[in-house]
Amino acid sequence: MNIAIIGAGNIGGTLAGKLVQLGHKVFIANSRGPASLAAFAATTGAVPVTVQEAANSGDVVIISIPFKAVPELPKDLFKDVPAHVAIVDTGNYYPTIRDGIIQEVEDGLQDSEWVQQQIGRKVVKAFNSIAANSLINGGRPHGDKDRFALSIAGDDKQAKAIVMQLIDELGFDPYDQGPLKHSWRQQGGTAVYCTDLKLADMIAAIDAQGTELTPEIHERDAAARDERVATYLKSLQDNQK
């Protein structure tokens, strides 16, 4: 399969290397241009391209850039991309440490719904709830007692099927947890975010949240997300002492 990844950070870069190892043709792009990815390409086997070339190179296009950078993508990026191409959003909204306040999301719009508005295409929410280290080391074969799950959300059944296939190939049990409006159930601050749960435990944790994102749940999850970020930043500071 041809897979294009826009963004070569922790998740995008890790996915590129893993998917090349699985035999896929991977194209990688970032905001600084192909030349800046020469060393990465030599290490992973991914093919460096421009962002515009990436959008037109894959059966799957994975957007893995900081949330605040999505509006900086070319406005016509997906204009000529065929409808069958699956677009994946791996991002998370971090207003306090990176992205600033985006009022539509603060008011309850799902962050991936906001991404859809920006790029003019449906997306599948995936790979946002796994830490890079777990993505690197966590994959396991079918039947392994330590194999854990990754959830996705989206409104395009065909695109979700493709993404679930990739998750399975990477060594995780895929779980379709519903439409994109339910993607909040795998966001930062929830019980499944970066917790490496096995499939049954993930399903139970997601189901326990219900399907209605009330203002109270939205506020609770945002507070839990910010607390987790604060703990992470403190750990970085402690390690530098």
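Ring pairs join Phe67, Tyr93 and Trp114 into a cluster, where rings of Phe, Tyr and Trp (its six-membered ring) pair if their centres lie within 6.5 Å. The structure is a predicted model, in which local features need pLDDT of at least 70 and side-chain atom pairs count only at pLDDT 80 or more, while totals for chains, interfaces and linings use all residues. Residues are numbered from 1 along each chain as its sequence is written, and side-chain values use heavy atoms, with hydrogens and water left out.

By this rule there are 3 aromatic pairs, and two of them are set out below; both are tilted, a word for planes that are neither under 30 degrees apart (stacked) nor over 60 (edge-to-face).

| Pair | Centre to centre | Angle between planes |
|---|---|---|
| Phe67 and Trp114 | 4.6 Å | 40 degrees |
| Phe148 and Phe172 | 5.0 Å | 50 degrees |

Phe67 lies in the loop between strand E4 (60–63) and strand E5 (86–89), and Trp114, 47 residues apart from it, lies in helix H6 (residues 111–119). Helices (H or I, at least four residues) and strands (E, at least two) are DSSP runs, numbered from the N terminus. Both Phe67 and Trp114 are buried, meaning under 20% relative accessible area with a 1.4 Å probe and protein chains only. Phe148 and Phe172 are likewise buried, and this pair links distant parts of the chain, 24 residues apart.

Key
Buried means under 20% relative accessible area, exposed over 50%, partly exposed in between (1.4 Å probe, protein chains only).
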